Amino acid sequence: MKIVGLSGSKVGSKTSTAMDYTMKAAAEKYPDAELTFIDLAEYDVQFSDGRDYREYKGDTKYIAETVMAADAIIIGTPIFQASIPATLKNIFDLLPVNAFRDKVVSMLVTAGSPKHYLIVEQQVKPILGYMKAQIVQTYVFIEEKDFYRKEITNDDVLFRIDRLVEDTVMLTETYSSIREAKEAQYNF
Amino acid sequence: MEKYRINPSKGMEFGLYTLGDHIPNPLTGERISTQQRIEEIIELAKLAEDAGIDLFSVGESHQEYFTTQAHSVVLSALAQATEKIKLSSSSTIISTLDPVRVYEDFATIDLISKGRTEIIAGRASRVGNFDLLGYSLRDYEELYEEKFDLLLKINEEEVVNWEGQFRAPLKNARVLPRPLNGSMPIWRAVGGPPASAIKAGYAGVPMFLATLGGPATSFKRSIDAYRQAAQINGHDPSELPIATAGFFYAAETTQQAQREVYPHVNQGMQLINGQGYPKQHFAQGADTRDVMNIGSPQQIIEKMLYQHELFGHQRYIAQMDFGGVPFDQLKKNIELIGTEILPAIKKYTAKN
C-alpha cells in the first residue's frame, strides 16, 4: 500500500509538525506500507496551467506523479483567511478531474481558531468528492493551544492522529477488497 | 451535403480512424517497430477499402506511443495504395501548423488520390505539440480560430489576401496546387462540451464530434447546439454533415469483445492520459444507450442504429486500434464490419 502524506502549506510549522507525527505513527504501525512524505514548504511547485500532470517538470512533476501513484493520501492543511492555502489548492488543480478515483483521502487540519472547524466540510470535502476520493469522514482538527514549540502537547490529539492513520489504512484495505470483488464479477 | 461529397441517400458512412498508436501489447509487453506499425496502417487502409468501408483517416499526435506525427505523409502513401476509399485526417492539428503548408500537402494528396481527400482540423489536446512546434499554450484558442479560418479561406479563394496575428500576411497569394475539384471538404474536430460544437455551427462547417464513451444522450446536446448555432448564423443545418467518432471493437460475442479489448483500452488510457479505464465504466459501455461501440456485431448494429436515430448524423468513424490492438485482431474486425455490420447499417439507414 502506497501512502502519501501531503503537508499543504509553505507558511508556519504546525501542519508539518502534525504531519510528522502522523507519518511516524503510520510507519510504526504499518511497517510494510510504502510511505512518502511531501512537505510543500520544501518544494518549488509551479502553478497549474492546465497541462497533463505528467507534462510538468521538476518538483511539480514529482509531486503530481507521486500523488497519482498513491493508494491513500493523508492531507495536512492549515486554515488561512478562512480557507485552505493556495499551495494546497494548486496541487488539486495540477491533477486530472478524477485524480482520486480509487484512492482514499484523509485529513488533518491546523487552525488558529476553533471557528475554522467547518472549513474542511465546506471547502475540502466538496473538492475531494468531485475528484472521486473515498473520504475518511472524521478528520483531526488541531488548534494552536495544542502545540508548544513544535511539539504536540495534547494527548487527545495524538490519540486522534493514531485513529486517523488506522482509519485511513482500514478504509484503503476495505475499499480495495470491495473493488477487487466487484471487478471479479466482470468477465474481462 | 454535396459540397462535402456526402450522399445521405446511400446511408450512413462508416469510417476508421487511427492516431497511429504505438503501445506495447499489454498481454505480452512487446512493442512492434515503428516501421511495422506504419506498414500495418497502410495495409489496414487497403483491407478497409476491400471491405467496403467508406473512409480511412489518420491523425496527428506529437507524443510518445504514436507513429503518425507526419500524418499527411502517411495519407499520401494511402492515396497511392488505395483506389476508392475516402481519405481524411482526424485530426490535423491546425493550431500548430501553417495552414498554407497544410493546404499544399492535402491538395497534393487529393490529386494523388484523384479527389478522395478531405481535412479534419482540430486544436490539440496536448501541451507537447506547442512546446515542440514553438507555440505558446496561452494562445491556444486564438491560434486555432485564426488558423482554421485561414484554412477555410484558402479552400474557398484561390487568390488570398489575409492578415493575422500568428502568420505573415498573404498578399494576392496563390496557394497551389488546387485540389482536383477546386476545393476540399474541411471539417472541424470537436470534443468535450457543447461550447466547441457551437463554434463549429456558427462557422457553418461540418462537425467531427469525438464521442469516446458515456451515454449517447449527453452528446445529443452538442449536436443540437451545433445545428441551432448554424441556423442562428444563417447556415442551413440540413446541408451540414455531422460525423461522430469513438471506440469500436467487434468480436463474435459482446463478452469476447470486452475481454479482448479491455486490456488495450485500459493500458492506452494509462499511458496516454495517466489514468486507466475503470472496469465499471467499461462494463456499462456495453449498454445500447452508451456510445462505445464495443460488442458483438449485432450489439454494435443496434447501438449504431440507436445513435443514428438520436443524432441524425451522416458518418461514423471507428477507432479500433487504441491501446496497441494487434494487427490480426484488427483484420478480424474489418472482416466483421464488412460482412455483418456494414451491410446492416447501410440497409437500415439508406433512403430508398
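# Why these labels? A chat about the model

Student: Why does K331(B) count as partly exposed?

Tutor: Its relative accessibility is 38%. Buried means under 20% relative accessible area, exposed means over 50%, and partly exposed is what lies in between (1.4 Å probe, protein chains only). So K331(B) at 38% counts as partly exposed. Note that this is a predicted model, where local features need pLDDT of at least 70, side-chain atom pairs count only at pLDDT 80 or more, and totals for chains, interfaces and linings use all residues. On bookkeeping, residues are numbered from 1 along each chain as its sequence is written, chains are lettered from A and ligands numbered from 1 in the order written, and side-chain values use heavy atoms, with hydrogens and water left out.

Student: What makes D328(B) exposed?

Tutor: Its relative accessible area is 57%, so by that rule D328(B) is exposed.

Student: And how do you know that D328(B) forms a salt bridge with K331(B)?

Tutor: The term asks for a side-chain nitrogen of Lys or Arg within 4 Å of a carboxyl oxygen of Asp or Glu. Here the closest N and O atoms are 4.0 Å apart, so the pair gets the label. Both residues lie in helix α11 (residues 327-349) of chain B, 3 residues apart, about one turn of the helix. Elsewhere, salt bridges that share partners tie E13(B), K86(B), E118(B) and R315(B) into one network. Over all chains the structure holds 30 salt bridges.

Student: What separates E43(B) and K46(B) in helix α1 of chain B?

Tutor: About one helical turn, because they are 3 residues apart in that helix, residues 34-50.

Student: Why is R289(B) called exposed?

Tutor: Its relative accessible area is 55%, so R289(B) gets that name. Its salt-bridge partner is D287(B), at 3.0 Å, N to O, and D287(B) is partly exposed at 32%.

Student: How do you know that the span of helix α1 of chain A agrees?

Tutor: A helix is a DSSP run (H or I, at least four residues; strands are E, at least two), numbered from the N terminus. The expected span is 1.5 Å times one less than the number of residues. For the 16 residues of α1(A), 14-29, that should give 22 Å, and the end C-alpha atoms are 23 Å apart, which agrees. Its buried residues include T15(A), M19(A), M23(A) and A26(A).

Student: What makes N90(A) buried?

Tutor: A relative accessible area of 7%, so N90(A) is on the buried side of the cut-off. N90(A) lies in helix α3 (residues 86-94) of chain A. Leaving out residues up to four places away in sequence, N90(A) touches V45(A), Q46(A), F47(A) and S48(A).

Student: How many residues of chain A and chain B are in contact?

Tutor: Contact means heavy atoms within 4.5 Å, and 15 residues of chain A are in contact with 22 residues of chain B. Buried area is the accessible area (1.4 Å probe) lost on putting two parts together, summed over both. That comes to about 1,500 Å², 48% of it on carbon and sulfur atoms. In chain A, R101(A), N187(A) and F188(A) lose the most area to chain B, together 43% of what that side buries.

Student: What is the count of salt bridges between chain A and chain B?

Tutor: That count is 0.
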